Structures are given as C-alpha cells and as structure tokens.
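Here is a short briefing on one protein model. Look at the sequence and the structure first, then read on.

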Amino acid sequence: MCLVSGSKGGTGKSVLSAALSYTLAQRFGPTLLVDLGGGDSSLIALGAVPAQPSLDDVLKGKADPQSLFRESNLTSGLLVAPSRSPLTDGFHPEKLEEVLRVAKTKADYVVLDFPAYTHGPLDYLLERADDILMVATPTRLALERLRSWMETRAASLDTAKLTGILNMYVTTMGSWKRALLSMVEKAEVVYFDVALWFTHTRNIAEAMICCEKPTREKVTELAAKLSS
Ligand SMILES: Nc1ncnc2c1ncn2[C@@H]1O[C@H](COP(=O)(O)OP(=O)(O)OP(=O)(O)O)[C@@H](O)[C@H]1O
Ligand SMILES: [Mg+2]
C-alpha cells in the first residue's frame, strides 16, 4: 500500500496517484486507487464510470464498502474508489479500516491519494503504508513545508519508507533535487509535461499515451519500485 501525499496543495499528488495506479494496473497487476483527496484522481482515472457511491457515503454508513470499488473503463485491472470531499477529523477509523481491509482483497496494489493537510487520518495511514511518496514542486515554499512536516512527524515517521518526489515544471532544475535530497534519503524527479496538465487530454489513459517518453519511463520505474 502506497500513500501519496505532500505538505502543500496543488503539487501534483492526484496526477501522480492516477498515473502510478494506471501504470501499475497495466504492467504489474490489479491495482486500486483510493481517492481521499476530494475527487481529482478518481475524476481522471475512472473514465466514463459513475463516481457514486463515494467514500464519503461509505464512511457515513450510507453505502456498503463493497459498492465503493469501481472498475475503471480506461484499462483492465484498475479499480477506483472515488470520493467527493477530503476526509476530516470527523472520520470513523473503524469504517476506514474496513475500507482498507476490503481494498486489500480486491487488488495486489493499493495507491492512496491523500491531500496536503496534516489532520484527519494522516498518521493512521502513514503507519499502515508500505511506501510514502511526498510530492513537492521546485519552490522554496514547498520544500520548507516538507521540512516542517517531517519535523513534526519525526517520532512517528519511518523515513526508510519515504521518497520525495519533485514534480518539475521543466527538466533543467537539477539543484532542486539536491535540495530535496538534503532532507530525505530517497528522491525522484518526475517531469509532468503538457499532457498531464490535461489541457489536450481527457483522462489519465490519454495523458499517459500523449506524454513524453521520459515521463512515462519515470512513472513506470516508480511503479516497478512500488511493486517489488
Ligand atoms: N508539473 C506540472 N506542471 C504544470 N501543471 C501541473 C504539473 N503537475 C500537475 N499539474 C496540474 O496542476 C494541477 C494540480 O495537480 P493535482 O491536482 O495533481 O495536484 P494535487 O497536489 O493533487 O492538488 P490538491 O492539493 O488540490 O489535491 C492539475 O491541473 C494538474 O494537471
Ligand atoms: Mg489532489
């Protein structure tokens, strides 16, 4: 189970979660994307499949966990658990636990798209995740937020599970990777090109076909690491 998060909004967590889930499903085995961020990753990964019932309904006891996992029509082996709003402190841990238990029976790989905030079930999920990907953009603000996020979690965070992902606007920004590596043991750079802005594409399947080869290769390399 891989948790994708970050210490700042809009850094590319949902795009990376969807791209990784899509690639894992295509190349490595049945994969479930759980959208905990309010709908963005499920919107781009579900295709034309309805987004209801959502995680919100399940956590409020209005829908059965089994009904949450929808087969995406973008590729075989990709299941998506959509959500409408981010989880807040009011969540019921036992309901989430049930969702995760069912999730693990449905797929070999589970990717959790989690928003940037630090409350709600973050610590609960950090403990249970096998891998934690923290997505940051090449800005001082994003890296400073990441530093303070790590400081506040120093006692509970297993840093061996953590990989810092730098979502680069352009490929020629190598000094930012060095800055990130001064904070985390493992860092990767993903270049999100125009297809992943979703300006000319509608969903993650089209985006992964249209994106540049190095982007696709990097996402595949990351997926391979998660699957091993
Ligand atoms: N490197 C990039 N360059 C330009 N646009 C990008 C890049 N990465 C992501 N985007 C675009 O930026 C927007 C935000 O990306 P995304 O929704 O994945 O971020 P997020 O971290 O999940 O945001 P949130 O904190 O709101 O959940 C999207 O429209 C996405 O297509
Ligand atoms: Mg998001």
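The points below cover the sheet, its strands, a helix across it and the ligand shell.

This is a predicted model.

- Strand β8 pairs with β7 (residues 162-168) in the parallel sense, over six bridges.
- Within this pair, Leu166 has Val189 of β8 as its bridge partner.

**Strand β5**
- Strand β5 covers residues 109-113, and five of its five residues are buried.
- Tyr109, Val111 and Asp113 point one way from β5. Val110 and Leu112 point the other way.
- On one side, β1 (residues 2-5) runs parallel to β5, joined by three bridges. Val4 stands opposite Asp113 here.
- Strand β2 (residues 31-35) also runs parallel to β5, with five bridges between them. Leu32 stands opposite Val110 in this pair.

**A helix across the sheet**

**Around ligand 1**
- The shell holds 18 residues, and Gly9, Lys13, Ser14, Val15 and Phe192 come nearest.
- Helix α1 (residues 13-27) gives the most to this shell, with three residues.
- By class, the shell has eight nonpolar, eight polar and two charged residues.

Note on methods
Residues are numbered from 1 along each chain as its sequence is written. Chains are lettered from A and ligands numbered from 1 in the order in which they are written. This is a predicted model: local features need pLDDT of at least 70, side-chain atom pairs count only at pLDDT 80 or more; totals for chains, interfaces and linings use all residues. A residue is buried if 20 or more other C-beta atoms lie within 10 Å of its own, exposed if 12 or fewer, and partly exposed in between; C-beta atoms are placed from the backbone. Helices (H or I, at least four residues) and strands (E, at least two) are DSSP runs, numbered from the N terminus. Two strands pair if DSSP finds at least two bridges between them. A residue is near a molecule or strand if its C-beta atom, placed from the backbone, lies within 6 Å of it. Ala, Val, Leu, Ile, Met, Phe, Trp, Tyr, Cys and Pro count as nonpolar, Asp, Glu, Lys and Arg as charged, and the others, Gly among them, as polar.
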